[in-house]
Amino acid sequence: MKNMKIDANGTEIRVMGDVVNEDAYISLTDIAKYKNPDNAFIVVANWMRNHSTISFLGLWEQIHNPNFKPIEFDRFKAESGDNAFTLTPQQWIKATDAIGIVSKSGRYGGTYAHTDIAFEFASWISPEFKLYIIKDYQRLKKDEADRLAIGWDVKRELSKINYRIHTDAVKEFLITPTLSPQEMAYTYASEADILNMALFGKTAAQWRSEKEIKGKTPNIRDFASAEELVVLINLEDTNADLIRQEVPKIERLKILREKAYRQLELLKKNQDTIEVLKKNLIEGTEVGN
């Protein structure tokens, strides 16, 4: 998950996940520090003792989590509010298989909650503070949407760079006058799926089936990262050369798969390089337009 931050009137709060598609988690630990900077975990634990909190958490899980355990939830709900009742986020997660609250360790450690739950917690802390959180969260969401929009343009440009080289090789060496238009279309699609198999480990049809997508859009490549599309460019060029050398399809797949794995590993270790590449592509696209 990507780690980000928002600034709620001077209080830094960590955010992780997908803010654009409403699947982000906000740090309850950081929100709690607004009330008690030294013992944030106590603030979260006190909030979770409330009957209304347990009812809200249980309802959220029932709506969003098919694996939620209602029997354990009912027990917590019955006991909540009593003076002797205590509940930590870890206990809640372990007992009910909850997904709305997560506990993380390490550099970005702490208790995180889905935005629906985090905003509810912020209201309990301070309605005014909640407004500051929402305001900067909306700013973060807009910034991410703008960034992804640029990323989409870059991906489209990356996909086009070697497309002509690849299709020309297919046309020159695999398409013959005796093939019907349907057979020619299948050959192109088949070659595209060799690249999909090498890079993603599945064909476009398999991906659509997994996602329960009817029709041919969206495509598996629409969801590829910039790093994957950089590798795809290289795979297209390599496959074109292999086609000209009349390398059998299964051998080409093995070669392409090995190359994809090696290049992705290299790109992961050189993030600075890929960021420079993305910047150059964006600037090049702007100049071209």
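Biologist: Which residues of helix 3 meet helix 6?
Modeller: Phe56, Leu57, Trp60 and His64 in helix 3 meet Asp116, Ile117 and Glu120 in helix 6; contact means heavy atoms within 4.5 Å, and helices are DSSP runs (H or I, at least four residues) numbered from the N terminus. This is a predicted model, in which local features need pLDDT of at least 70, side-chain atom pairs count only at pLDDT 80 or more, and totals for chains, interfaces and linings use all residues. Residues are numbered from 1 along each chain as its sequence is written, and side-chain values use heavy atoms, with hydrogens and water left out.

Biologist: At what angle do helix 3 and helix 6 pack?
Modeller: The angle is about 170 degrees, and the axes are 11 Å apart; axes are lines fitted to C-alpha atoms over the stretch in contact, with angles running from 0 to 180 degrees between N-to-C directions. Helix 3 is therefore roughly antiparallel to helix 6, a term for angles over 145 degrees.

Biologist: Changing topic, is Gln263 buried or exposed?
Modeller: Gln263 counts as buried because its relative accessibility is 17%; buried means under 20% relative accessible area, with a 1.4 Å probe and protein chains only.

Biologist: Where is Gln263 found, and with which residues is Gln263 in contact?
Modeller: Gln263 belongs to helix 12, residues 249–268. Leaving aside neighbours within four places in sequence, Gln263 is in contact with Val231 and Asn234.

Biologist: How far apart are the C-alpha atoms of Gln263 and Leu235?
Modeller: They are separated by 10.0 Å, and the two residues lie 28 residues apart along the chain.

Technical notes
Helix = DSSP H or I, 4+ residues; strand = E, 2+ residues; numbered from the N terminus. Buried < 20%, exposed > 50% of the residue type's maximum accessible area, 1.4 Å probe, protein only. Parallel < 35°, antiparallel > 145°, perpendicular 65-115°, else oblique.
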